[in-house]
Amino acid sequence: MGSPENAMSKATVSRMPSYLRYLKGEAGKGVEYVSSSAIATALGVSAVGVRKDLALVSSQPGKPRFGFEVRRLIEDIEKFLGYHRWTNAVIIGAGGLGRAILAYEGFENYGIHVIAAFDASPSKVGAAGGKPIYPMERLSDIVVRNSVKVAILTVPRSAAQAACDEIVRVGITAILNFAPVYLHVPDGVKVKYEDLAVSLAGLCGE
């Protein structure tokens with residue numbers, strides 16, 4: 001069993017993304033300072049717990065009657081989580097799901113920057129969500145130039161293994177796979193499977 005200190009550390013880390021989302025929302029509204037009690041109320045958690053968590057990561061204590069400086073606290077939490085070291089990712093497959101993911105802004109809260117999508121179909125090349133969609137021929141060039149570490153695979157089942165092989169060939173070692181098929185990859189390449197149908201069926205069956 002882990003020590004209480006390690007357990008607390010894991011629990012603290014697990015709460016930090018929620019704090020970060022809230023703080024970024026407040027920053028977007030122009031809020032400059034926020035109290036631990038305001039964070040606790042917004043997230044439905046203990047104010048004492050919030051104060052303890054923030055004490056571990058904040059570079060400056062909260063000011064009396066003002067609380068924490070929002071921008072600085074965002075920077076402190078991102079540094080604590082390692083989000084200040086951005087991870088670039090690309091999408092392979094610019095169909096409906098691929099375009100939706102390309103336009104999704106939530107990855108930014110976790111230090112992941114989806115820079116572009118790629119597709120084998122010339123008709124899909126262009127842009128979506130303000131980001132470029134390139135032909136597959138450009139994959140190697142973009143991956144090397146931007147030090148891309150992660151690929152999000154959203155192609156049909158029939159094209160998944162060939163696309164995976166190309167992803168591996170250009171040096172990407174982490175794949176989030178939405179295609180409903182098991183992928184064969186060499187040692188050192190990590191694959192996480194996301195099956196929307198299974199997730200929805202599980203939800204309906206609860």
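Which residues have the most contacts inside the largest nonpolar core? In this predicted model, the core in question comprises 23 residues, and V90, I92, F118, L139, L153, I167 and I172 have the most contacts inside it. Two or more residues are contributed by each of the strands β3 (87-92), β4 (112-119) and β7 (150-153) and by the helices α6 (139-146) and α7 (157-169). Helix α7 supplies the largest share of the core, four residues. When neighbours within four places in sequence are set aside, I167 is in contact with I92, A151, L153, I172 and I175. Another core, of 17 residues, lies apart from that one and includes A27, A40, L73 and I74.

The packing of helices α2 and α3 was examined next. Helix α2 (residues 36-43) packs against α3 at an angle of about 120°, the two axes being 8 Å apart; α2 and α3 are therefore oblique to each other. Their crossing is right-handed. On the α2 side, the contacts are made by S36, S37, I39 and A40, which meet A47, V50, R51 and L54 in α3.

Residue S58 is located in the loop between α3 (47-57) and β2 (68-69). With a relative accessible area of 18%, S58 falls under the 20% limit and is therefore classed as buried. Residues up to four places away in sequence not being counted, S58 touches F68, L73 and D76, and L73 is itself one of the residues of the 17-residue core.

Definitions and conventions
Residues numbered from 1 in each chain as written. Predicted model: local features only at pLDDT ≥ 70, side-chain atom pairs only at ≥ 80, totals over all residues. Heavy atoms only, no water. Core = buried A, V, L, I, M, F, W, Y, C linked by side-chain atoms within 4.5 Å. Buried < 20%, exposed > 50% of the residue type's maximum accessible area, 1.4 Å probe, protein only. Contact = heavy atoms within 4.5 Å. Axes fitted to C-alpha atoms, helices over the stretch in contact; angles between N-to-C directions. Parallel < 35°, antiparallel > 145°, perpendicular 65-115°, else oblique. Left-handed = near helix turned anticlockwise from the far one by under 90°.
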